[in-house]
Amino acid sequence: MNHRSLPGELHDDDRPSCAAPPSRPRPPHQPGWPLVSALVAATAIAALGCTASSASQPAISASQPAAMTPAQIAARATPAVVTIRGDGSLGAGFLVREDGWIATNFHVVAGMPDLKVVLSDQSEHPVLEVLAFDEARDLAIVRIHAPRRLPLLSLGNSGAVRPGDPVVAIGHPLGLADTVSNGLVSAVRVVDPELTLLQISAPIAPGSSGGPLFNDHGEVIGVAAAVSTQGQNLNFGVPADYLKRLLVRPDPVPLSTFAAETADEEQGLPAVKRSVPHHALAILRGCTEGDLLVLARTMDGAIQVGSPLYNQGDFASCYHVYAGASLDMERRLGPACRGPRNALVEGRRKAAGLDDEAAQAWAMRDAFDGLLEVILRKVHGEAR
């Protein structure tokens, strides 16, 4: 249950420009994770010549365009925002080159040997390789085979961002595609000399991690990362200036190699054998949009509370959080929403028959992930 935290204190930045990064880190061979990380709710190798012609260089804005409304930003940018799916994981990303380069969070792709990118036309494309990554700043650039020239986003100057500036986020919280939210830059924070973050008021839920953050000129000034700090869920963006440095120094790694070297090896936690049920869409028959929202929000909240408890070794508390959330959802679902209710009852029945508290927690988590996955498929318009 990967819920990693941002250690250390945060400090207001009198100079919001990003500190110069150290040399590009390689994947860890020992357990260890980035300073910036997120919970992800509800993943082939081809030869690549990475010399880029001027026509395919990353789009980095050189002039200041006119101010735009959130609706205008969304209309222009949404075609370049993608979904990244893995085994039990969901994240967002965005195109930075028309030939299939995609920026996202490191934690969205780490340890995942099979990743699919869903473009705005709903076509799926396997991730072929990881072109560059920065674990400490939770950034990665992956490549797909572009079926055509793809739309891309322009990177702005994150060093010019000030507290109070407007910000727009586009992502896929819990699989709800192309969700637009807006807010303000609450603060520019210095975590340590090598990491500056943008704290924002625009919400970032699981599934939105890795998505773009825009200024009011429609330029990407950050990459969304939902971070838990000292028990509080806060919304942060990794400044785009860090991403620019990765784009100009690609060092391709086959996805299979990258996944093996970044696999999560949590110390002190038991081995896990997942058993996530695969539901037909018919399980959602009779459920209203409100029912699905209750399911998505409640399971998301339970996972955000339960996962840190599990990672601290408190398996029993994690299990009780999940079981309590399951009972709460049953109470709140409409009478016709029988399929999800039965799935939650089955999850609790399975968990109750296990002696190990860690296994009980995972039995409930499997039930949640199965429901989140079928809700995601319904949102994406799949037929069965």
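Is Q122 buried, partly exposed or exposed? Q122 is partly exposed, at a relative accessible area of 40% (buried means under 20%, exposed over 50% and partly exposed in between, with a 1.4 Å probe and protein chains only).

**A note on all views.** This is a predicted model, in which local features need pLDDT of at least 70, side-chain atom pairs count only at pLDDT 80 or more, and totals for chains, interfaces and linings use all residues. Residues are numbered from 1 along each chain as its sequence is written, and side-chain values use heavy atoms, with hydrogens and water left out.

**View 1. Confidence along the chain.** The predictor's confidence in each residue is its pLDDT, which runs from 0 to 100. For the protein chain the mean is 79, and 77% of the residues reach 70 or more. Helices (H or I, at least four residues) and strands (E, at least two) are DSSP runs, numbered from the N terminus. Among these elements, strand 4 (residues 101-104) has the highest mean pLDDT, 97, while strand 1 (residues 11-12) has the lowest, 42. Over residues 1-56, pLDDT stays under 50. Where pLDDT is low, the predicted coordinates should not be read in detail.

**View 2. Two loop residues with positive phi.** Q122 sits in the loop between strand 5 (116-118) and strand 6 (124-126). Its phi is near 75°, a positive value in a residue other than glycine. D138 belongs to the loop between strand 7 (129-134) and strand 8 (139-143). Here phi is positive too, about 60°, although D138 is not a glycine. D138 counts as buried, because its relative accessibility is 0%.

View 3. L195 is part of strand 11 (residues 195-200) and counts as buried, at 1% relative accessibility. Its C-alpha atom is 8.7 Å from that of V238, a residue 43 places away along the chain. Helix 3 (residues 240-247) is mostly covered, with seven of its eight residues buried. Those buried residues are A240, D241, Y242, L243, K244, L246 and L247.

**View 4. Helix 6 against helix 7.** Helix 6 (residues 315-332) packs on helix 7 at an angle of about 150°, and the axes are 10 Å apart (axes are lines fitted to C-alpha atoms, for helices over the stretch in contact, and angles run from 0 to 180 degrees between N-to-C directions). That makes the two helices roughly antiparallel, a label for angles over 145 degrees; under 35 is roughly parallel, 65 to 115 roughly perpendicular and the rest oblique. The crossing is left-handed, meaning that the near helix is turned anticlockwise from the far one by less than a right angle, whereas clockwise would be right-handed. Look for E330 in helix 6: at 17% relative accessibility it counts as buried. Leaving out residues up to four places away in sequence, E330 touches R341, L344, V345 and R348 (contact means heavy atoms within 4.5 Å).

**View 5. Helix 7 against helix 8.** Helix 7 (residues 338-352) and helix 8 (residues 357-379) pack at about 165°, with axes 8 Å apart. That makes this pair roughly antiparallel. The crossing of helix 7 and helix 8 is right-handed. Among the contact residues are A343, L344 and G347 of helix 7, and A363, M364 and F368 of helix 8. By class, the contact has 10 nonpolar, two polar and two charged residues (Ala, Val, Leu, Ile, Met, Phe, Trp, Tyr, Cys and Pro count as nonpolar, Asp, Glu, Lys and Arg as charged, and the others, Gly among them, as polar).
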